[in-house]
Amino acid sequence: NARTATAVEDALSVGDHPAAARAAIGHAGALFGPSLALLEALRRVDIPSLPDDVVADFVRERFVVAALNGDFGDAAVKDVQWLRAHAWSSFEDTERAQVRLFEGCAAAQAGRNEEAYAIWKELSKSQDAAARSWALKNMAHLLDDSDPEKLRLCERSADAFLEVGDRIAVARMALRQAKLVLVKHPERALAIVDEALLLFGATVGDRDIRGGLLHSRAVALLDMCRFDEAVECAKSAADLRAGIVGAEAERASSLSVAASCLRALGRLDESAVLEKEADGLIEASGRDDVVLDRAVAQLAQVYEEARALDLLGHARRLGSVRTEGILMVLIGSNKDAPHTERLRMLEDAIRLLGSTVGAEADLNIANMAIALELEKGEEPTRALTLWKNVVAKEPFNVQARLHTVALLEKLEKWEEGRRGIAFRALRKLAHGDFCNAKVEHFDEVFFALAIDEHDVFAVSYTHLRAHETVLD
């Protein structure tokens, strides 16, 4: 494409627009990948000066280059309109489907999401599996993670990509599906990832994608307290991403998951080594947002108010609303201030996080902080309501389950408390419901643990960031 761009530029420099167009035709398409320099050169070609036998092929070529560069702006839309008006009859069905996909992307970029969704929904019924796979994927992208339809669209998209034979795309959709169910159903996320790994084995040659699958598997295992397995899986994910430029943050996240598991197993020295390696990778990445996230995760484990205020200012300068909200939760939870002032800061954090798309997990952490504050203020009934809401959204949240059961017993709600849970676990086992009974057995293990309330944020924040780095 560099050679093509040079040829186009040379022709334009002497005012020969037809020669510039001919230099591009057949040399600027999908086989050669995206190139902004080439697109900029093609945009300077004067369409009215082109001969009839060149113009349609050139505009089609320029449209393809725009699509490859993810350019869905007005200039590209004008090319599509020209093609529809002057060359549409020469387009095959597959080419028309690609144009419709592009029109959906252009509508979405312009903020017309309903129009985009309608276009892609129309294409989702196409016999063309390639068009169908991308249409379904794009439809899913427009939906909120809490919408159950999003998971179904991801599953259908994966099936269509499999029909086309695009294994990398199928693996990416498996990661997206796993991420959607990870918090509430880690066992289901594990099954999705295992199926993808079993289906492709070593044939997924992209180390970053395979590393993402293994990282997702490690996080699911961590959430299910299968620490020994999670350690090895997370280490394998980190090893696969070693040396991949731009994947330092993802590799560091896998190392952090392994370190968390080692801490849970009491292997503190090994955990410290991995955390140090992860810190080095984050610093080397040079990405301000990643460095900030890492600093906040460390602050959650060892709180210092001066450091927290400094990071809060940094988050505001970067415009990172989610990180700002999490820092307000940490400050509000640890601040040496009256009960009402801490509640005010925590509720301000919830309003801030509530305005951010995809911040549901952050909101759960904020609600946990308020629940703890209400417990300190001798408001067990109201605290219990918040803990129950968190458990409903995150069934494997250890701290939320522990506090829920403790408050149920404090309020003498025995049937909902420890005895009731144990009874229901036995009843499910008796009816052969082993999967749900296993969740209850996790409770029985957790009851024996003594988790200090100050560990809530360190554990929750570490888990949250691990979930978010599952490759999308």
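Select cysteine 225 to begin: this residue is partly exposed, with a relative accessible area of 23% (buried means under 20%, exposed over 50%, partly exposed in between, with a 1.4 Å probe and protein chains only). You are looking at a predicted model, where local features need pLDDT of at least 70, side-chain atom pairs count only at pLDDT 80 or more, and totals for chains, interfaces and linings use all residues. Residues are numbered from 1 along each chain as its sequence is written, and side-chain values use heavy atoms, leaving out hydrogens and water.

Searching the whole structure gives 0 disulfides (pairs of cysteine sulfur atoms within 2.5 Å). For cysteine 225, the nearest cysteine sulfur belongs to cysteine 261, 9.4 Å away.

Next, pick Val8, Phe58 and Trp120, which have the most contacts inside the largest nonpolar core, a set of 54 residues. Such a core joins buried Ala, Val, Leu, Ile, Met, Phe, Trp, Tyr and Cys residues through side-chain atoms within 4.5 Å. Apart from it lies another core of 43 residues, including Leu190 and Phe396.

Now show helix α20, residues 360-376 (helices are DSSP runs of H or I, at least four residues, numbered from the N terminus). Because 13 of its 17 residues are buried, α20 is largely enclosed by the rest of the structure.

Finally, colour by pLDDT, the predictor's confidence in each residue from 0 to 100. The chain averages 79, while helix α7 (residues 113-123) has the highest mean among the elements, 94. Where pLDDT is low, the predicted coordinates should not be read in detail; over residues 425-472 pLDDT stays under 50.

Definitions and conventions: Helix = DSSP H or I, 4+ residues; strand = E, 2+ residues; numbered from the N terminus. Contact = heavy atoms within 4.5 Å. Expected span 1.5 Å × (residues − 1).
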